[in-house]
Amino acid sequence: MRPIYAEPDETLPARVADAGNPHLSALWPYPPSRRANAQRALAITYPTVAQLLGDEAFEVLSQRFLDQSPHGLADWGAWGEGFAPRLAQQPELEDLPYLPDVARLDWLCHVSERAQDTAVDAASLAWLGTRSPDALRLCLAHDLRVLSSSHPVLAIWHVHHAEPSQRTRWQAIANEPLPPGQRRHVLIHRTPWRAVPAELPVSAYRFLSAVMTGQSLAHALDAAEPAGFDFVEWLPHAIQQGWVVGLAEHLPDPTV
């Protein structure tokens, strides 16, 4: 039985090339220097994907992505957000079903590292004892991101980024079958400049997902309630880690 996570086989570069390499066309509009910049930029943004695919396949896919999503920004680091969904559309990658979510994790780590520092409003945390949760909104650090996947993407990421002595353990975890319908949740935050993904319990994922969509503290707590989220225990740790930077007034959406 094929494991949940497996390295691409040696036929991948040929399969990717056979599916089409746009820069071989006479109509390809970008000079070699721009193609090289695109590949370098994507390799920096998607280091795990680049390692998984290898240089040959990654080069072809990066050129294909440049053709489909032209770079119109001054900053190459701001380009590449749509790479994950493009990977999901490539039929020659269908035997690597985890790859798009690994790309999403790479992208979230990238934007976390580029996020602006967040000003902390410690005084606002005192509002917890004086105002209703319906009137409050939790403020999170700009670098905080969450991801949910049906694949063991965190373990796959660690296979390629952990200390060498730890990678065998992560490889074993990556190959453990997930129970039907189960998902893995990941928290990404910057400490202090490098993005670090970590496992996130489902209760905290539901809570943070609600917060990130602008919901009130009360609504976010309700969203996490079925999974037994302990906000009182979680909050001091979240403040210490720099995930929570204060509270703000929650203004209901007037269109609802």
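Biologist: Which exposed residues does the face of helix 10 turned away from its buried side carry?

Modeller: This is a predicted model. In it, helix 10 spans residues 231-241, and F231, W234, L235 and A238 are its buried residues. The face turned away from that buried side carries the exposed residues V232, E233, P236 and Q240.

Biologist: Why are the buried residues of helix 10 on the same side?

Modeller: The residues concerned are F231, W234, L235 and A238. They lie on the same side of helix 10 because the arc they cover around the axis is only 105 degrees.

Biologist: Which elements do the buried residues of helix 10 pack against?

Modeller: The buried set includes F231 and W234. Its partners comprise both helices and strands: helix 8 (202-212), helix 9 (217-224), strand 1 (136-140) and strand 5 (244-249).

Biologist: What lies at the start of helix 10, within 3.3 Å of a side-chain oxygen of D230?

Modeller: V232 is one of the exposed residues on the face of helix 10 turned away from the buried side. The D230 side-chain oxygen reaches to within 3.3 Å of an atom of this residue, its backbone nitrogen.

Biologist: Is S203 buried or exposed?

Modeller: S203 is found in helix 8, one of the elements that the buried residues of helix 10 pack against. Leaving out residues up to four places away in sequence, S203 touches A224, A227, G228 and F229. Its relative accessible area is 10%, and the cut-off for a buried residue is under 20%. S203 is therefore buried.

Biologist: Which element gives the most to the lining of the largest cavity?

Modeller: The count is 1 cavity of 30 Å³ or more, and the largest has a volume of about 40 Å³. Its lining consists of L61, R64, F65, Q68, F83, R86, L87 and Q90. Two or more of these residues come from each of helix 3 (47-68) and helix 4 (83-88). The element that gives the most, with 4 residues, is helix 3.

Biologist: How many residues of the lining of the largest cavity are charged?

Modeller: The lining includes R64 and R86. By class, it divides into 4 nonpolar and 2 polar residues, and the charged ones number 2.

Biologist: What percentage of the residues in the protein chain is buried?

Modeller: The protein chain has 10 helices and 5 strands. Of its contacts between residues at least 6 apart in sequence, 74% join residues at least 24 apart. Among the 256 residues, the buried share is 46%.

Terms used:
Residues are numbered from 1 along each chain as its sequence is written. This is a predicted model: local features need pLDDT of at least 70, side-chain atom pairs count only at pLDDT 80 or more; totals for chains, interfaces and linings use all residues. Side-chain values use heavy atoms; hydrogens and water are left out. Buried means under 20% relative accessible area, exposed over 50%, partly exposed in between (1.4 Å probe, protein chains only). The arc is that of the directions from the helix axis to the C-beta atoms. Contact means heavy atoms within 4.5 Å. A polar contact is a pair of N or O atoms within 3.5 Å; within protein, one must be able to donate a hydrogen and the other to accept it, and residues adjacent in sequence count only if both atoms are side-chain atoms. On a 1 Å grid over the protein atoms alone, a cavity is a set of points where a 1.4 Å probe fits but cannot get out, and a pocket is an open set with protein on both sides within 12 Å along at least five of seven lines; lining residues have an atom within 4 Å of a point. Grid points are joined across faces, edges and corners, and a volume is the space filled by probe spheres set on the points. Ala, Val, Leu, Ile, Met, Phe, Trp, Tyr, Cys and Pro count as nonpolar, Asp, Glu, Lys and Arg as charged, and the others, Gly among them, as polar.
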